Amino acid sequence: MNTLFGTPYLIELLTPKQDDADFEARLEVFAERYQRILDTGAVVSIPDNPMGNVHFTALEVMDFLDLPMDPKRTLLHLNSFHLKSDMDAFLRTAADNGLKNLLVISGDGGPRLPRLEPSDVQFDVQTVTSIVLLRYIEREFPGIFNCGVAFNQYEPPEHELERLTQKIDAGARFAITQPVLGTDPTVASLKDFGVPVFAGAWMSKRIDLLMQCVDREPDPNMAYNPDENLALLDRTYPEFGLYLALLGFKRDWTGLFARAG
């Protein structure tokens with residue numbers, strides 16, 4: 001079983017958006033959910049401006065709320081849509097607080113988000129991808145961070161598997177898949193890469209949103225039960241950890257986590 005973080009479960013938690021109307025209330029909700037994840041024994045996984053929407057950074061919110069920064073229970077995401085000065089400040093602050101776990105992705109752009117230029121990171125490339133960002137972090141912060149990467153099984157397998165090999169060569173030490181629906185031979189093959197893997201679990205009934213995220217046409221007749229899918233993933237990929245996205249915080253989690261942490 002995957003024990004990279006001492007627990008098989010990573011639970012996604014978004015910080016407030018910068019344009020949230022009731023920012024103080026959103027901060028209070030974040031703090032409550034953050035603590036609930038820690039109390040469950042899972043890892044808090046905090047995205048970086050998901051879907052191109054501008055959010056406050058995890059470090060800004062955690063510092064403002066004086067939340068405990070647990071290096072073993074915190075996974076920070078970092079993408080390429082930042083000013084270099086802001087990205088470097090983020091990495092330095094994370095390192096200063098002992099936060100080592102990063103999920104490094106190319107990210108989703110938007111009109112309000114600048115993107116790193118190759119000249120910023122001093123690599124002879126056309127675009128700053130997650131691979132370039134991994135190499136930059138390893139060069140500028142050698143041995144400081146434990147970096148993971150995303151794996152998109154909805155892309156052509158040969159291309160995506162080759163990309164994963166390149167990411168591991170660039171310093172990736174674990175991988176998190178896109179949400180998996182039941183059995184997937186490409187996802188199953190990741191056990192051969194020799195790094196810990198976390199299978200994505202889509203915990204919302206809105207399967208149409210997942211299809212939108214992975215650029216697939218939704219099937220209006222498809223019935224989806226997230227708890228049943230989670231249980232299926234647990235049985236199908238016992239050697240993998242599980243990454244729970246869009247888990248409802250108003251629901252009772254009793255019995256949801258079948259594995260020991």
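Mentor: One term to begin with: a crossing is left-handed if the near helix is turned anticlockwise from the far one by less than a right angle, and right-handed if clockwise. This is a predicted model, where local features need pLDDT of at least 70, side-chain atom pairs count only at pLDDT 80 or more, and totals for chains, interfaces and linings use all residues. Residues are numbered from 1 along each chain as its sequence is written, and side-chain values use heavy atoms, with hydrogens and water left out.

Trainee: Which hand is the crossing of α3 and α5?
Mentor: The α3 and α5 crossing is right-handed. Helices here are DSSP runs (H or I, at least four residues), and strands are E runs of at least two, numbered from the N terminus.

Trainee: Which residues of α3 and α5 make the contact?
Mentor: From α3, Lys84, Met87, Asp88 and Leu91. From α5, Leu133, Tyr136 and Ile137. Contact means heavy atoms within 4.5 Å.

Trainee: New topic. Which residues are buried in α1?
Mentor: Leu27, Phe30, Tyr34, Ile37 and Leu38 are buried in α1. Buried means under 20% relative accessible area, exposed over 50%, partly exposed in between (1.4 Å probe, protein chains only).

Trainee: What do the buried residues of α1 pack against?
Mentor: They pack against β1 (9-12), β2 (43-46), α2 (58-64) and β3 (74-78).

Trainee: And which residues are exposed on the other side of α1?
Mentor: Glu28 and Asp39 are exposed there.

Trainee: What follows α1?
Mentor: Gly41 does, with a positive phi near 95°.
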